Amino acid sequence: MNEQKKVVISVLGLDRKGIIARVSGVLYENEANILDISQTIVSGYFTMILVADISAPGCSFDVLSEKLNKLGEELGVQIRTQLSEIFESMYRI
Amino acid sequence: MVTTSEILSTLKMIDKQKLDVRTITMGISLLDCACDSDEKECQKVYDKITRLAGNLVRVGEEIERDFGVPIVNKRISVTPAALISGAMKNPVKLAQALDSAAADIGVNFIGGFSALVHKAMTHADKRLIESMPEALSCTERLCGSVNVGSTKAGINMDAVKLMGVVVKQLAENTASSGGFGCAKLVIFSNAVEDNPFMAGAFHGPGEGECAINVGVSGPGVVKGALESVKGHPFDDVAETIKKTAFSITRVGQLVALEASRRLNVPFGIVDLSLAPTPAVGDSVAQILEEMGLEVCGTHGTTAALALLNDAVKKGGVMASSHVGGLSGAFIPLSEDIGMIRAAERGCLCLDKLEAMTCVCSVGLDMIAVPGDTTAETLSAIIADEAAIGMVNNKTTAVRLIPAPGAKVGDNVEFGGLFGRAPVIAVHPFSSAEFIARGGRIPAPLQSLRN
């Protein structure tokens, strides 16, 4: 059993239809498992934070990150994929 | 689980407040490369550096991408060149070998064309120092440093005298770029062996075979945090800085451990310095101004800087398993937009900068002085700064650029991270007889301290 490897995917930009569907679609295709998702819209500005497990053998950080970058360009929003340790180390002792 | 607001706060730090890891520096010992053939030694040095650091840039970029945090520089520090060049005929050849290794690996700087002469100079030390004007002007990426004083040994005034001449000559050799060669030469008192920051980085003789040292940054993040405690008492200011420094340093620690693991090189230290860049929003001066000073350099600046420097260390120490290097706030004049503006408004003079160096790391850094400043005056400035380090048991450094042809009020452009230096005045009165004495200033008393 591999240790769980988590990524934080943040999506920031103007709201439009289908952002969650498209992002979760890419995650599904790449065998990533969504662990947590939160989303808000403030004055038309869309913010989604999604935590996913990418420890499945068929799931590669590099591939996922590249596909999400491309999707971000297509949707006109900023999508960033980061390993979750960065956030855990900054705010947890 | 990390909360959404914490994630958004980190993204804001990276995007708006310029949070970054300033440098991953690989320290490499070259002690086993010393030999009595110039060609052989250069080859051994080149081979060892490219073998150990061949993947440094690639791994740095991978970590940058995986964690989404910019890692601005990947660099190398090596054993002080004076220790391995004693049997060589020409130390400039070693300089060129170091430079070409750095170029082939793809790092922007390599540090360690250095000599440790705080008590006295060996023949090799003296020869290496005398070769610096040529070595640092015929190479692109090589940085050098000389340690001229220490709390335990006092100040080697013969070396101080020589360094004034070396700095002057180096400026003249690189006159076409405003004396830029001098930006690659640091004169220390109490130099540290594990500093990851250029131009003063070297891999000291007390270090191991190879180590990963990381320098963090983030003046913009500290300033951003202080905006939330406007008008509050200093207790709140100090607490806010400590918490922010903790978060910033954790990023450095994470990157350092990850780089160490991926490169299979032991982790050395995290350097807790706040290192500004010329970018807007990445300034130490603006932190001091955020505390309530109209312009950095006015009365109160030294106190503000003392608080900042101390709080950064207190916050950072717990965030890292090994803290070292210079660890404090840097005040390089040309690399900090707030400092540049303060100097241009006449609020920041050499004397005030000297006072500020008593309470922070590191010293008189990246300061352009008029081109007609004499070697003796440069030496005297170096002596003053070395004395502050020696007496206060801290590292101090001098990186002065006597820009050829430049006068007070001119600007010298260096570009990139080196920024733009407004030329500031030195005292017009002579220190020549003082410097001509030579010899050694004895080590200071360590008790009866008042």
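This is a predicted model: local features need pLDDT of at least 70, side-chain atom pairs count only at pLDDT 80 or more; totals for chains, interfaces and linings use all residues.

Reply: Because Glu6(B) belongs to helix 1 (residues 4-15) of chain B, while Arg92(A) sits in the segment after helix 3 (85-91) of chain A, the pair joins two chains. Glu6(B) is buried, its relative accessible area being 16%, whereas Arg92(A), at 32% relative accessibility, counts as partly exposed.

A second salt bridge, between Glu290(B) and Lys230(B), has its closest N and O atoms 2.9 Å apart. This pair links distant parts of the chain, since Glu290(B) lies in helix 9 (residues 284-290) of chain B and Lys230(B) in the loop between helix 7 (219-226) and helix 8 (234-263) of chain B, the two being 60 residues apart. Here Glu290(B) counts as buried at 14% relative accessibility, and Lys230(B) is exposed, with a relative accessible area of 58%.

Some salt bridges share partners, and in this way Asp62(A), Arg58(B), Glu62(B), Arg65(B), Asp66(B), Glu258(B), Arg261(B) and Arg262(B) are joined into one network. Within that list, the side chains of Arg65(B) and Asp66(B) meet in a salt bridge with an N to O distance of 3.6 Å; Arg65(B) is partly exposed, with a relative accessible area of 40%, while Asp66(B) counts as buried at 9% relative accessibility. Over all chains, a search of the whole structure finds 27 salt bridges.

Methods
Residues are numbered from 1 along each chain as its sequence is written. Chains are lettered from A and ligands numbered from 1 in the order in which they are written. Side-chain values use heavy atoms; hydrogens and water are left out. A salt bridge is a side-chain nitrogen of Lys or Arg within 4 Å of a carboxyl oxygen of Asp or Glu. Helices (H or I, at least four residues) and strands (E, at least two) are DSSP runs, numbered from the N terminus. Buried means under 20% relative accessible area, exposed over 50%, partly exposed in between (1.4 Å probe, protein chains only).
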